[in-house]
Amino acid sequence: MSPTPPLFSLPEARTRFTKSTREALNNKNIKPLLSTFSQLPGSENEKKCTLDQAFRGVLEEEISLLKFCSQINKPCICTASTPFVLLGDVLDCLPLDQCDTIFTFVEKNVATWKSVKQSFLCNIHFHILLDLLRRLSKSQNTVFCGRIQLFLARLFPLSEKSGLNLQSQFNLENVTVFNTNEQESTLGQKHTEDREEGMDVEEGEMGDDEAPTTCSIPIDYNLYRKFWSLQDYFRNPVQCYEKISWKTFLKYSEEVLAVFKSYKLDDTQASRKKMEELKTGGEHVYFAKFLTSEKLMDLQLSDSNFRRHILLQYLILFQYLKGQVKFKSSNYVLTDEQSLWIEDTTKSVYQLLSENPPDGERFSKMVEHILNTEENWNSWKNEGCPSFVKERTSDTKPTRVVRKRTAPEDFLGKGPNKKILMGNEELTRLWNLCPDNMEACKSETREYMPTLEEFFEEAIEQADPENMVENEYKAVNNSNYGWRALRLLARRSPHFFQPTNQQFKSLPEYLENMVIKLAKELPPPSEEIKTGEDEDEEDNDALLKENESPDVRRDKPVTGEQIEVFANKLGERWKVLAPYLEMKDSEIRQIECDSEDMKMRAKQLLVAWQDQEGVHATPENLINALNKSGLNDLAESLTNDNETNS
C-alpha cells in the first residue's frame with residue numbers, strides 16, 4: 001500500500017509561514033516564503049488563507065511587510081486582496097504623520113497598484129484612500145489631501161465615474177464667514193484715524209521707499225459687507241436665477257468692480273515686494289480659505305493675486321450661468337437683459353485682468369484659453385462621459401464564399417447580328433453603338449479634358465510682359481478659372497505634386513508661377529497661316545532630327561512623357577534609386593508623406609530630380625544612376641526605350 005499524503009495542519013502552517021515571513025523581511029528576499037509555500041501540504045486555498053493570517057499577525061511588528069506583500073502578490077501565492085487589506089489596517093491604526101510615510105510608499109508603487117485588473121480590488125483601494133481623506137483637514141493638511149487626489153487621478157482612468165461631479169453639485173459647505181454686525185465694525189474708526197495720522201505728515205518729509213503702506217481706497221463697512229457677500233453667490237451660483245438675489249448680486253458686483261476700475265495697481269510699486277520675493281526664491285504661501293478680517297481689507301485690495309482670485313471667480317460663475325449643463329433645471333434660464341449684462345461684464349473683467357500687474361495681458365489670455373478648454377469638458381459630461389478608449393471591432397464574421405458570376409458574353413448577344421437586346425428598341429440601339437463598351441469609353445470623342453496648351457494659352461500670353469496686361473484683367477485672378485486650373489494641373493502636370501519650399505500667399509500668385517513654368521516647357525502657339533519658307537524650315541528641322549546621332553539625343557533632357565512611362569516601371573524600387581539621384585533624406589520623407597501610391601512616389605522623385613538638375617536631367621545621367629544603384633534591368637530597359645523612340 002502507498003503511504004497516505006500528509007494532511008494540512010493549520011497551526012503548523014501558520015507557524016512556518018510566520019517564521020518564513022520574518023526571515024524574508026530580515027533578508028529582504030521572498031524566496032523563503034516561496035519555498036515554504038511549495039513544501040507545505042494542502043490545497044492552494046488553504047495555504048493562501050493561512051499566509052494571509054500570518055501577514056496580519058506580523059503586521060503589528062513590521063510595517064514594511066506591505067512592500068513584500070505587493071511583490072508576493074505577483075506570483076499569486078496569496079489572495080489578491082491581501083495587500084489592500086493590509087494597507088487599510090495600517091492606515092487605520094497609525095496617526096496622520098505616520099500615514100504620510102506609508103502613503104509615500106503607496107505613491108512610489110503606483111505601477112503595481114495599476115496592474116490590478118479586478119474592479120472590486122480597485123474599489124477597495126479607492127475606499128481606503130477616501131477614508132484617509134476624511135480624516136484629514138482641508139485647511140491644515142492641504143498638501144496631503146492634494147497628493148491623495150493626484151494619486152487617485154493617476155490610478156484610475158480619466159473617464160472613471162467615481163471621480164466626476166456628474167450632477168454638477170456645488171460645495172455648499174464652503175461658507176465664507178465675515179463680520180455681519182455693523183456695530184462691531186472698526187472700519188470707519190480706523191479710516192478716520194489713518195486720515196488724521198496722515199495729516200500730521202508734511203509733504204516732502206518721506207521718500208518713495210518710506211511711503212505709507214496704507215491703502216488709498218476708502219473702505220467702509222458697506223464695501224466690506226458687499227465684497228464678502230459676493231462669496232455666497234460664487235459658492236452657490238443657482239441664486240443668480242432668482243430675481244431678488246440677482247438684483248442684489250448685480251448691485252454688489254457693480255460697486256466692487258467700480259472700485260477695481262477706479263483704484264488700479266501700479267506695476268512698479270504694488271508688485272515690488274512680490275518681484276523681490278521671486279528673485280530671492282521666497283516661498284509662496286497658500287491659504288485654503290479667505291481671511292476676512294476687517295484689518296486686512298485694505299491690504300487685500302492692494303494685492304494683485306487677491307484681485308485675480310476675485311476676478312477669476314466672476315469668470316467661472318459667468319461660464320456656468322451661460323453654459324449648457326445637463327442636470328441644470330429647466331427653470332434656470334437667463335433673460336436677455338441678464339445675458340447682455342454678463343457679456344459686457346465679462347469683457348470688463350478680462351480688461352481688468354490684463355491691467356492687473358505683473359504680466360496682466362499674458363495672464364488674461366491664459367485664463368481665457370483655459371476657460372475655452374473647459375467648455376470641451378462640459379460637453380463631454382453632458383454626453384454622459386463616454387470612454388476615451390476606442391475598442392477595436394473584432395472581425396468575427398465568417399467570410400462568405402463569393403460565387404463567380406457568369407460572364408455577360410455567355411448569356412448576352414444572342415439576338416440577330418449578336419446584338420444585346422435591352423428590352424427596348426432605343427436602349428438596344430444606344431447600347432449597341434459600339435460592340436466593346438470599354439473601347440467606347442476610351443474613345444477620343446469622350447475626351448472632355450483640355451490639354452495644358454489649350455487651357456493655359458490665354459494665361460501664358462497675359463503673363464508675357466510685352467503684352468502689358470494689367471494684373472486685375474488676367475485670367476488667373478478669376479476664381480472659377482483657378483479652380484479648373486488646379487484640377488487640370490493635378491491630372492496632367494507633374495509640377496503639381498512637386499514638393500517646394502516656396503510659400504504662396506494666394507491662389508493667383510501660385511497660378512502665375514505655374515504659368516511661367518509651363519511657358520518654358522510648352523511649345524509656342526502655332527500660327528494659323530504658314531508660309532512656304534516656314535514649311536521648308538520645318539522639313540529641314542525634321543531631316544536634321546532624323547540624322548541626329550543617339551549620343552546627341554541622349555544628351556537632351558528627359559521629357560514628361562518619358563518620366564511618366566519610366567515611373568510606372570520603377571514603382572516600389574524608387575527609394576533604392578533616390579540616394580543616387582542626390583536626394584536628401586528630408587526630400588525622401590516628404591515624398592513618402594505626400595502619397596501612398598508607389599507609382600506616384602516614383603513620379604514625384606523623377607520630377608524633383610528633373611527640377612534639381614535642369615538641363616542635366618538627361619537619360620544618360622539617369623541610366624548611370626540606375627547602374628550605380630544596382631537596377632541594371634531598368635537601366636537596360638530605359639536604354640532600349642530611348643533607342644526605340646529615336
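This is a predicted model: local features need pLDDT of at least 70, side-chain atom pairs count only at pLDDT 80 or more; totals for chains, interfaces and linings use all residues.

User: At what angle do helix α11 and helix α12 pack?

Analyst: Two packed helices are described by the angle between their axes and the distance between the axes. Here α11 (residues 221-235) and α12 (residues 243-262) pack at about 125°, with axes 9 Å apart. Helices are DSSP runs of H or I, at least four residues, numbered from the N terminus. Axes are lines fitted to C-alpha atoms over the stretch in contact, and angles run from 0 to 180 degrees between N-to-C directions. The two helices are therefore oblique to each other, the class left after under 35 degrees (roughly parallel), over 145 (roughly antiparallel) and 65 to 115 (roughly perpendicular).

User: Which residues make the contact?

Analyst: Among them are Phe 227 and Tyr 233 of α11 and Phe 249 and Val 256 of α12, where contact means heavy atoms within 4.5 Å. By class, the contact has 10 nonpolar, 4 polar and 4 charged residues. Ala, Val, Leu, Ile, Met, Phe, Trp, Tyr, Cys and Pro count as nonpolar, Asp, Glu, Lys and Arg as charged, and the others, Gly among them, as polar.

User: How many residues line the second largest pocket?

Analyst: Rolling a probe the size of a water molecule over the atoms shows where empty space is left. The second largest pocket is lined by 26 residues, with Pro 494, Glu 521, Thr 559, Gly 560 and Glu 561 nearest its centre. On a 1 Å grid over the protein atoms alone, probed at 1.4 Å, a pocket is an open set of points with protein on both sides within 12 Å along at least five of seven lines, and lining residues have an atom within 4 Å of a point. The largest share of this lining, 4 residues, comes from α26.

Note on methods. Residues are numbered from 1 along each chain as its sequence is written. Side-chain values use heavy atoms; hydrogens and water are left out.
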